[in-house]
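Work through the following exercises with the sequence and the 3D structure side by side. Each task is followed by a solution in steps.

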Amino acid sequence: MGQLVAIVGRPNVGKSTLFNRLTQTRTAITDPTAGTTRDRQYGKVDWNGKEFSIVDTGGWVVNSDDIFESEINKQVELAIEQADEILFVVDAMNGVTDLDDHVANILRRARKPVILVANKVDSNEWIYNVPEFYSLGLGDPYPVSAVNGYGTGDLLDEVVKELPEKSEDEKEQLEDIPKFAIVGRPNAGKSSLINAFIGTDRHIVTDIAGTTRDSIYTRYSKFGFDFYIVDTAGIRKKNKVNEDIEYYSVIRSIRAIEASDVCILMIDATRGIEAQDVNIFSLIQRNKKGLVVVVNKWDIVDDKSTDAIKHYEAAIRERFAPFTDFPIIFTSAVTKQRIFKVLETALDVYNNRKRTVPTSQLNTVMQEDIAAYPPPSNKGKYVKIKYITMLKGAQVPTFIFFCNLPQWVKEPYRRYLENKIREHWDFTGTPINVFMREK
């Protein structure tokens, strides 16, 4: 499972800019106005072969002095509870503030690695302000400039060094059996579905000692099935304010998704597809996990006609496009309608992720499709795909197309190749990687 790093700190210290710098994206909106970031941002960082997830927790502060400190408290406490490591960002231009002290007091009591990041060292003159942050009692401050990238390499070296590693026993214990995560927004019926799977016959459940407190593995070995459910039940318990619920839901979903092979995404049939469903789907896609969409609470929907089902399926695939090759199941966790179909389908998707296509068969079939619709020419030159192979041991099915001019093969043609692969072989529910390489 991946490791999770949270960025915390008071408003307007450059958390979102640092997030963009580390993820090499422009996902988070940056602005000098405090409280600009309203939605939690999630991304991946790959540094010297070590990959970890990172969450920008900024933007929770509203423009009220009465709520200011309590909002910071909630943000930091949730980050401490869920993260493997914390980046505490401070402003080198302004020095230590009362809010910095307040957050530092909480972090000092936490049993999590904390790295103090002195941001906004945009020129040499500001580096002399950095020693002031030793007063926070959190070790050596790392001077960085999120704007121009100064010091971020040294910071990432320290981040990957401090990330905790799983023990070998834990890795061996979990690696061979399928892991299914049940994810979705609060009140979608995740807990009800898990209870419907497990029932009251507790002898089929064995909790694994030593797993993270964020994702609880439950062994399911009944009716010929044998897999782990990555349990994310309990998201709804954090019900102090709506923002807490949303943030806690996203963090727990990240942990569950990273720990799984296949994600069972729960959608509330009575509410339809909402932005939070699309956010969680995007997390599944970024992590290259298998997907089964489950429309729950179908028993209380008035219109259960075939036309209604087709309309619902079309709406889901439209919102989740361009990836549309995934199964959709309409269930009721309360009445147990089609719940075992969910397990069978999740296992099929897991097997699709492990599917391999012989090289000879792959070349015979795909070369016909390539000949029928070759890559478009560019400046009078033609792309010739000479050889195709499937990468062995990859996390997701990965196909390598060797050709003379790989840089001229654009995304539309890659999608054509992916669609043809899906036509000939069953990769329903799992992402596919298509790479062009020079031969």
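**Exercise 1. Find how strand S14 is joined to S15, and then describe the sheet around them.**

Solution. Begin with strand S14 (residues 398-403), which six bridges join to S15, the two running parallel; strands here are DSSP runs (E, at least two residues), numbered from the N terminus, and two strands pair if DSSP finds at least two bridges between them. Within this pairing, Phe-402 stands opposite Arg-437 in S15. The model is predicted, so local features need pLDDT of at least 70, and residues are numbered from 1 along each chain as its sequence is written.

Next, widen the view: the order S13-S14-S15 makes up an open sheet of three strands with mixed pairing. Strand S13 (385-390) and strand S15 (433-438) stand at the edges, and because each has a single partner strand, one side of each is left without a neighbour in the sheet.

**Exercise 2. Which strands does helix H12 touch?**

Solution. Helix H12 (residues 411-424) packs on the sheet and touches S13, S14 and S15, where contact means heavy atoms within 4.5 Å and a helix is a DSSP run (H or I, at least four residues).

**Exercise 3. Is Tyr-128 buried or exposed?**

Solution. First locate Tyr-128, which lies in the loop between strand S5 (114-119) and strand S6 (141-143). Then compare its relative accessible area of 68% with the cut-offs: Tyr-128 is exposed, since buried means under 20%, exposed over 50%, and partly exposed in between (1.4 Å probe, protein chains only).

Key. Predicted model: local features only at pLDDT ≥ 70, side-chain atom pairs only at ≥ 80, totals over all residues. Heavy atoms only, no water. Axes fitted to C-alpha atoms, helices over the stretch in contact; angles between N-to-C directions.
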